[in-house]
Structures are given as structure tokens and as C-alpha cells.
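This report covers the packing of one protein chain.

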Amino acid sequence: MSDFTLLSTLWLLASVPWAGLMLWLTKRDKQRTLIAPHLAKAMGMQSKQPRKKGLGLITIMGLITIVALAGPSFSSQERPSYTNSSARVLVMDMSMSMYANDIKPNRLTLARYKALDLLKTWKEGSTGLVAYAGDAYQISPMTSDSQTIANQLPNLSPELMPYPGADASKGVELAIEMMSNAGLDAGDIVLITDDIDDAEKSAIESLLPSSKWRLTILGMGSRAGAPIQLNDGSLMTHDSGQPVIAKSNFDNMRQLASSVNGDFVPVQPTNSDVERISQITSQVDSANATNHGQTLMERNNQGYWLIPLLLLPALLLFRRGILLSALLAITLPLMPTESAYANPWINNDQQAMALYEQGQYDQAAELFEDPSWKGAAQYNANNFEAAIDTFKGLDNADAQYNLANAYAQSGQLEQAAELYQSLLDTNPNHQDAQHNLDVVKKALEQQQQQQQQQQQGEPSQDKSQGNNASQDAQQSQQSEQNPEQGEAQDEKSGEQEQPQDRQNDQSNGEDSEQSENASKPSDQEQQQDQTKQAANQQNDEQNSEPNSDESAEAQANPLSNQQAVDPELRKLQQVENARDPSRLLQAQMILQAQQKQPPQDTGKKW
């Protein structure tokens, strides 16, 4: 008995109201008797004795139940302790194209919100943060504290990156290196980006030859693209002056995810994209759940041994229907009335239909066995990729129409147009298909016009360079045809630059003998003047060093332009600058950039 303990001692407090209830019932029976006790005894009526026995039995059963709920324990048991060693690295695109506003307010702001929502779902394992533009930099090492990463995300911006551009392969490579250095053999790489070109695609495929590093891509932006609006309100332009249209290459993202056995999730206005990525990255397999020989001591709850003492008296209650009435009174109010699971006698499709009508499309899609309704639920849940896979297996006209709608919503306009046209070929009176086809054709025309505008910007730059070259050639021809004119221009420029030398030449031309005789002493005087000038220049440089430091401080600190600045005020301003988190992040990335080779110019400035 020395090892005896109660696991939930608060349940013992329930014995006080239970004893009060039984006492009240006993007194109530005595006060509400129809026949006086002495008359009932004289008449030989003994009706109260069974009642007293019943109350006593109920009192004992209640006390036994309370003790069982308190969890009596006489022993403990050793059990293995498992830890979730799963890991993931969040790779954020910080190129200038993230300022495009085709999704409101812009791609960068929405990417930050999506990343913060993902961090809230990653409650176990370790997480790291990488930001990349022309090169990749570690913002946060692998840590189990997601709040630390969440505090750094709002300060990330493309202006902080040491090198402009966009190279997603550098971010993926650094993510693999971080997890490998942490001693991990597998992990997830969540890439949030708005564009992946062919070179980045091939480089990432070479980095992920096996399935131990799982890649998940969250595609930002849209196929149509949008201009890049900078912080000052101006638009980013090409060298020709044409505004840059940043388009999202979803095809390359989808192909990359498929080639490395990863997942591609396009950005959604709802939170369905975050939920899907969380579901993918939160899977714990046997390789990540390990105990490393750790164990825990846990007390055994042995209150179930008191259940047999309650079974025999409970059988007597069934005779009067008391126990059955109590069970119905307890369970009926607790049963859900609006949930799809209120009736256990309905099948999965009926339960899914109830969820579908309530707007819970994700849960309905998991329960539906009918592929038509399953695809409809996935479509309404904005999971267009899953809806496409579901509708592809159906051949009827309605399924093909829904498949075309899913293609259009996912941005695959060409496939959607082909399906709409095939439906109209079989049924020309399909008005919905005709209307959707017109909308898709307009969207395709807009994309083509934007592509043509972007392509016309590059030849115009070449034409301007060609015009400059032709002007240079014409000037060279004119100089060859009119050498006198060219000499005259040279003479004019010479007169403007060296008037004193021209006068010396004229004087030397008038009296050559005197100039020859006077050349030797003039050379000595020139050498003496040069030595004096060099000495004066050294003194000036020494005297100008503190002035240059002051000018540098004046450029760095606008307050230094005033005549008198308090030194304490300068120290306070330096401290305030050091408190700026964005400055600390920028300094951290600059230190990392100094420790490795500068990235190669890939030609992507935004």
C-alpha cells in the first residue's frame, strides 16, 4: 500500500454533493408520507424499508464510482518515449518580381502571410528559414521555436539582398546544407517563389536525385503577370524604358515538382493552400519518430477493477428502467444535431453530402465515393489540381465541362479552351461552355498581347543601339572626308583646354635660339616646382584626412550638417539604427556574402 496514489484527486470532491443529494432524498421521503408511521405500523404496511435499502445501495454505488474516477493506482510502468525529429526549411523568394501586384496587395506581402500561417501549423520538429535573390542566405538556423522565425519574416524585403536577381537553386542547395549539417537524413523544403526558369529547374533536379529531400512549391503570382511597383511608387522598366511584366511560370513549377516526386500548390485566396502544405509536411514516418533509448515512468490507472462491483447492482436498475432512462438523458443532448455524423446509419456519400451542403468541402471530398461529387467538392474547395485528376477519369459531358472549368481556374487556359471547343462540337447549344470559352479566349489574347509588348521592348533597345552605331559611323566618315574640319575642331578643343601651351608654342616659334638657351634653367625650375607641389600635396592630404572623415559622417548622418551636434545624440542615433531589425538582417546577409564567392550573373535582374 506504500505505492498507492490517486491520479485524479479532484474527483473526490464529487462525494460532497453526492452525500448531500442522498441526505436530501432521505429526508424528503420521511416528510411526504401519506399515512402516519404508527398507523402504517399498526396496519402492517412496511413500504418504507425497501425504499431505504434502495437509497443506501445507490449511495454506495455512487461512492464506488467516484473512487474509480479518481484513478487509484498501485504500480507504475516504464514506457518508451518517442520524439518527432521531422525537419523542414522555408525558402523565400526575395527577388524584385515579388513586388508585382497581380495578387493584392502584392506577391511579397501575401507570401509573408502564407509563411506565418505555415509556421503556426509546424508545432513539432525543427524549422529553418532561407531567403534568396541572386544568392541564398541563412536567415534562421534549424530551430524548434517557430516564433523566432515569425519575428524575422516581416522585415525581409528585396532591398536587403546583397545581390539582385533570382536563383532558386541556390536557396534549395542552402536548405539541404542546413539540414545535413544538423545531422538530418531527410526533410521537407518548402519553396515560396513566383518564377522558376529552365536553368533553375535543371539545377534543382540535379540537387534532388533521391526522395529523402521532399520539395513542395507554393507558386505565387499569375500567368498573366503584372508590373513591378517599387517602394517609391514607380514601375521597374527595361533598358528600353518599357515596364517589366513579371509572369509566373507555373508550368515549370509543376514539371519540377513532378520530376522530383514533390508537390506543387498554386496560391489561393483562401487558406486551402496552407492547409494542403501543412498536411504534406506534417506527416511523421517511422524514420522521423525515434526514441533514442529514452523511457518514461507512467502510473497505471487501476480503477477499472471497481467496475465489477457496479455491474451487479446496475442490473437491478434495468428492471425499473432507471439506468436506461439515465443513459438516454445523458447521451441524447450530447449527440450532434447538425453534424453529418449525427446518424450512424447513413453511408459515406450521404455524410459527405451533408458536409457539402454545410460548405465543408475539404471534409466532403475525403468522404465522397462518387467521383463526380468528389471532384465537385474538390473544385469548391479550390483544390483545382485534385479536381483535374478526379474529372480526368470520367467521360460524360458534365465531367468534361467541370474538367474544363478546373483547367481554367488553375490557369491552364489552352487546355480549358480545347475542352470547351470539343463540348461545343458535340453540343452547339451548350451556352455555359460558349460563355466560358469566350472568357478564356479573351484571357489568352491578353496574355499574347503582353508577350508581344515584352518582345517588342527588346528589339527597340537593339534598334537604339544600332542607331547610335550608325551615328558614330557617319561621324567617322565625315571626319575622313573633311580632315580639315576635324583638325579645326581639334584645334578649337585644344585652344579651350591648353591656351597657355599655345602661347608658349608661338613664343618658341618666334625666337627658337633663345628658347633653346633658356630651356636648361627652365627645366631646373620646373623640377623644383614639382618637388614643392608634391610636398604641398602631401601636407594637404594629411590635413584633409580628418576633414574627409567628417564629410563621411556628414553623408551618413544628416544631423552632422549642423554646426554643433551633441556627441550623446550621435550615440543615441547609432543605437536606434542598431535596433532596426532590417539593418541587422542586412548586416547578417552581407557577412555571409563576404565569406563566399560572388554569384555568377544569370542575366535575371528581377
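## Contacts of Leu-129

Leu-129 touches Val-89, Leu-90, Met-92, Tyr-137, Gln-138, Ile-139, Ser-140, Ile-149, Gln-152, Leu-153, Leu-156 and Met-178, leaving aside residues up to four places away in sequence. Contact here means heavy atoms within 4.5 Å.

The model is predicted: local features need pLDDT of at least 70 and side-chain atom pairs pLDDT 80 or more, while totals for chains, interfaces and linings use all residues. Residues are numbered from 1 along each chain as its sequence is written, and side-chain values use heavy atoms, without hydrogens and water.

## Nonpolar cores

A nonpolar core is a set of buried Ala, Val, Leu, Ile, Met, Phe, Trp, Tyr and Cys residues joined through side-chain atoms within 4.5 Å. Buried means under 20% relative accessible area, exposed over 50% and partly exposed in between, with a 1.4 Å probe and protein chains only.

The largest core has 42 residues, and Leu-129 is among those with the most contacts inside it, as are Leu-90 and Leu-156. Elements giving two or more residues to this core include strand 5 (87–93) and strand 6 (126–132); helices (H or I, at least four residues) and strands (E, at least two) are DSSP runs, numbered from the N terminus. Helix 4 provides the largest share, six residues. A second, separate core of 28 residues includes Met-179, Ile-189, Met-253 and Val-260.

## Gln-378

Gln-378 belongs to helix 14 (residues 371–380) and counts as buried because its relative accessibility is 9%. Its side chain makes a polar contact of 2.8 Å with that of Thr-390. Such a contact is a pair of N or O atoms within 3.5 Å; within protein, one must be able to donate a hydrogen and the other to accept it, and residues adjacent in sequence count only if both atoms are side-chain atoms.
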